[in-house]
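Subject: Structure handover and findings

Hello,

Here is the structure for you to work with. Please load it first, then read the notes below it.

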Amino acid sequence: MQGGLENYKVGSKNNWRRRMWNQAVRRLRHKGVRISEARVLYLSGEQDLDRPVALSKGFDEANLFAVDRSKDVVASLRRRGVIAICGNFVHVFDNWPEHSPIDFCFADFCCNLNRQPLALVGEVLVYKRSSPVVAVNMMRGREIEFEWIRCFAHQVFGKSMPYLEKHRGAQLLLLQCIRTAYLLCVANELFEMGDGNWMDGLSRHPHVMLEAVSIISNAMAPYLSTYVAGRNYMDSVIFDWPFCTQEQRLENDIIAEDKVKNTRGRIAAALALSTRKKRGSRKAS
Ligand SMILES: C[S@@+](CC[C@H](N)C(=O)[O-])C[C@H]1O[C@@H](n2cnc3c(N)ncnc32)[C@H](O)[C@@H]1O
């Protein structure tokens, strides 16, 4: 895994932001996606500071879909002509239609390693029938609920992978490694599918975990980054998601069915607006 620590306070987030968009551009081009056609879902915030950076890199404003759970923020964005969807970022991404897939999912959560990033990477992406570039940004904190991830890393890798001790992006990816190692163990009959003690099983086979880390590093090419904002350490990871699946999710455990309908309606309205904007700019040119 590559990465760097931007340790200066003033403008640290803007530098990080530019770095993320540069990474996204490089990765999308590598996949053969035209930047002017790449569809982006991003957490904008009211200031929408990512938009000018995205436009300067060649993204089309008709393909930039801002998400915010605050109605006021969304109303303010819409007054400025931004295509904005009101809702929870993970729910919106989860319910995005397959016919117009997202190419770059930019989840600048600014929260701890909690249910949101875990749901995005651990549950939603796993069943995506597309292969977007994904960036997740998180704040380092005292995440007691997910302390097991750090403990597990320590148990399996000792001090050989020091970034796993602290870096929230690396810890998030560790989940994917655990999933892969689990499947490798089952395939190699080291333990059985559904074995209640699979965590213990995995820690008894550290070579399988190492193999899984190598598989994930090669397939997802994660880029880790950290910047300091005030007193907080912000950890992020950007990666390719190559695991496009044909599997159907059995249940939508992230969101209740009636909310799914609302979210899909809002996405459909945003896509319709995107189409109108594209038609408008074609007529004008
Ligand atoms: C997470 S930051 C966005 C940062 C922005 N990318 C920037 O660089 O300034 C703050 C905004 O995100 C919204 N927000 C935070 N978590 C969210 C989530 N899971 N879904 C939707 N909106 C969220 C908040 O309402 C707030 O307006």
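Helices (H or I, at least four residues) and strands (E, at least two) are DSSP runs, numbered from the N terminus. This is a predicted model: local features need pLDDT of at least 70, side-chain atom pairs count only at pLDDT 80 or more, and totals for chains, interfaces and linings use all residues. Residue numbers start from 1 along each chain, as its sequence is written.

Glu 189 is in the loop between helix H8 (168-187) and helix H9 (198-203). Its phi is positive, about 55°, although Glu 189 is not a glycine. Burial is counted on C-beta atoms placed from the backbone: a residue is buried with 20 or more others within 10 Å of its own, exposed with 12 or fewer, and partly exposed in between.

Asp 48 sits in the loop between strand S2 (40-43) and helix H2 (50-56). This residue, other than glycine, also has a positive phi, near 50°. With 19 other C-beta atoms within 10 Å, Asp 48 is partly exposed.

S3 is mostly covered: five of its five residues are buried. In a regular strand the side chains alternate between the two faces of the sheet. Leu 64, Ala 66 and Asp 68 point one way from S3, while Phe 65 and Val 67 point the other way.

Strands are taken to pair if DSSP finds at least two bridges between them. S2 and S3 run parallel and are joined by four bridges. Val 40 stands opposite Leu 64 in S3. From S2 the chain passes through H2 to S3, a right-handed β-α-β crossover. Right-handed means that, with the strands pointing away from the viewer, the path from the first strand over the helix to the second runs clockwise.

S3 also pairs with strand S4 (residues 84-86), in the parallel sense, over three bridges. Ala 66 has Ala 84 as its bridge partner in S4. Here the chain crosses from S3 through helix H3 (residues 71-79) to S4, and this β-α-β crossover is right-handed.

**The antiparallel strands**

Strand S6 (residues 133-139) and strand S8 (residues 232-240) run antiparallel, with seven bridges. Val 134 has Phe 239 as its bridge partner in S8. Strand S7 (residues 223-229) is joined to S8 by seven bridges, again antiparallel. Thr 226 stands opposite Asp 235 in S8. The hairpin of S7 and S8 has two residues between the strands, and Gly 230 in it takes a positive phi near 60°.

Gly 169 belongs to H8. Is Gly 169 buried or exposed? Gly 169 is buried, because it has 28 C-beta neighbours inside 10 Å. Contacts are C-beta atoms, placed from the backbone, within 7 Å of each other. Leaving out residues up to four places away in sequence, Gly 169 touches Val 136, Met 138, Leu 224, Asp 235, Ser 236 and Val 237.

In helix H6 (residues 147-157), the buried residues are Ile 149, Ala 153 and Val 156. They lie on the same side of H6, because they cover an arc of only 75° around the axis. That arc is taken over the directions from the helix axis to the C-beta atoms. Glu 147, Trp 148 and Cys 151 are exposed on the other side of H6. The cover over the buried residues of H6 includes helix H7 (163-166), H8, H9 and helix H10 (206-220). Just after H6, Gly 158 has a positive phi of about 60°.

Best regards

Definitions and conventions. Contact = placed C-beta atoms within 7 Å.
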